[in-house]
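Try each task before you read its solution.

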Amino acid sequence: MDLDLHSCALQLQTITSNVFIKQGKQLHLLFLKRGVLPSSITLANRLLQMYSRCGDLSDARKVFDEMPQRNCFTWNSMIEGYMKSRNERESLSLFYAMPHKNSFTWNVIVSGFVKEGKLNVARRFFDEMPMKNGVAWNSMIHGYAENGRPTEAIGLFKDLKSGFHGPCDVDIYVLATVFGACTDLSALRFGKIIHGSVVVCGVEFDPVLGSSVVNMYGKCGDLDSASLVLRSLPYPDDFSLSSLISAYSNSGRVIDAERVFRIKDDPCVALWNSLISGYIVNDMATEALLLFGEMRRNGTREDASTIAIVLSACDRLGFLEYGTQFHGHTCKFGATRDIVVASVLVDSYAKCGRPESACALFGEIDTYDTILLNSMINVYCTCGRIEDAIEVFRSMPSKSLISWNSMISGLSKNGYPKEALSCFGELNAKGFHMDRFSLASVISTCATISSLELGKQLYAKAIVIGLESDKIVSTALVDFCCKCGLVDDGRKLFDEMVHSDEASWNSMLMGYATNGYGVEALDLFGDMRKVGVMPTEITFTAVLSACNHCGLVEEGLRWFHEMKQKYFIDPGIEHYSCMIDLFARVGQLEEAVDLLMYMPFEADASMWSTILRGCLAHGDAILGKKVAEIITTIDPKNPDAYVQLSSIFATSGDWGGSEDVRKLMTTKKMQKIPGTSWVDH
């Protein structure tokens, strides 16, 4: 029976996966038995192509090597097969050995290296092409745009349109890509030029091209042109509408965003997401939640993006209970496996003061990305679980600069300054380009251990990389100088700051206060109010501490009351501590006790010890005895109170009382720790 070679060739073309390769091998065996391969280059090519498509490059190469005759199709099939299997070395070997290359051969090499992300190699072959065609141009432009190199994409498109390389067709997908590159670069002027040429040439706008033009105008801030293009489209697609809604929202034009949203009678979930997100961008989180309710009533099913956006709204409003309920809904919906949703949930719990819930959620997640892991480093550091933070950091397959910054900051804040400096050294050794956050974190670490020499080196580093005037770095340097006792140097840096915020002012204020410069701190606080910088809790801690150092009771009382009445800041335990210490220092012991008794916090032994030191300084033995008894009740094993009470009796001339206290200490087997001063404890 004669073999129908045409039918066999057609059957080989239908075999495109390894699942059916067994049938192809049976045909191959039949061809060998009949001896038809040497005389039919078409049949051999189809057989070679079949093996190549199925990923069996070994058998494909055997067919290739045994072929007595080869044509361009033969060579191209093997070159393409090797390139798709990422065997670039064999692909190039055949490419250079191929006697007569055609445009398809060059396209395979150029597009293959583009898909691998090796754009410089692809560009070298593209430049060497004797005759460039539309496929090669489009591959290179797409490759540059998709790999974050929009400048090169636009530059290549300009070369294409110059006509220097001959006429070449440009498809609408390349035009959409170029509009996207213009968007990334905010190159509105060039985008308008391309748009004009597209209109003049009569190119028909399909949904992809129309969306890219609307998106380009919207994100470049030309909202009127974006709206005009949208109205000119015969059927505005959802992506175009979503782009314009986002553009209006980002420009604060929420009413216009709502108008575009209402164009569609039955908006898809992407449009709902765009407007809900737009409300949040414009600090309208309540309206965002109301719109989400409307979406649910409308019957539109939310997706993972919706859940992430709504959780963000709950986070902004501080609706922890609603966010927790929504977490339950998220579990039922099955969206907690979505990395974006999981990241928002973790971040929400952390910001709402529930890091333990964030940790529990993290333990239930199977898939992670760098953003989520960075969030968990911060959460663990906030909880004081520094070992867990280190474990997450070390297990990360790819660490971003944010990862390193989070770890350095976490180590420093949790009392591991040497480890923080070691981590910074590792970051520097790996060649990362440090930013202002990494530099500020390590400068703050030097401040905690008063490492003056290393701090000066980091200051020099800041100057070298041009960050010495950065607000965050400058603030860290001011804090560093003050903690090292170089208050004048800190003030000089502060005065040289071009932009200062409350953090900068607070650093200088605390520097003055902690170094005993009370008058200077109060003067600086006056300057701070004059320039309109709003005080914070830290500001008032520094101010009350300065009043304490200077013994300014009336001034301290004034600011203690005004921080709540005028600035709506509830005094914290540190503010009460400053005032109690101030009263005790100047001898107003009853006022100190009253404030301590009525403050909304539970007093510990150290706060009572403050009053006891005041009793010692001002010889109030009666109150001192009562306070000492309270301290021994709170902390029975603390000898501090007994020693100070003994000193009070001795100072007031009651030597018998002093001796009785000493005997009581002996009976309870309490001893003063050698080398310390109980008076200044």
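**Exercise 1.** Is Cys-484 buried, partly exposed or exposed, and which cysteine sulfur is nearest to that of Cys-484?

*Solution.* Start with the cut-offs: buried is under 20% relative accessible area, exposed is over 50%, and partly exposed lies in between (1.4 Å probe, protein chains only). Cys-484 has a relative accessible area of 21%, so this residue is partly exposed. Next, take the sulfur atoms: the nearest cysteine sulfur belongs to Cys-481, 7.2 Å away. A disulfide needs a pair of cysteine sulfur atoms within 2.5 Å, and Cys-484 is in none.

Two notes before you go on. This is a predicted model, where local features need pLDDT of at least 70 and side-chain atom pairs count only at pLDDT 80 or more, while totals for chains, interfaces and linings use all residues. Residues are numbered from 1 along each chain as its sequence is written, and side-chain values use heavy atoms, with hydrogens and water left out.

**Exercise 2.** Find which residues have the most contacts inside the largest nonpolar core.

*Solution.* First, define the core: buried Ala, Val, Leu, Ile, Met, Phe, Trp, Tyr and Cys residues joined through side-chain atoms within 4.5 Å. The largest has 104 residues, and those with the most contacts inside it include Ile-377, Met-407 and Ile-580. Then zoom in on Ile-580: leaving out residues up to four places away in sequence, its contacts (heavy atoms within 4.5 Å) include Leu-595, Met-599 and Ile-611.
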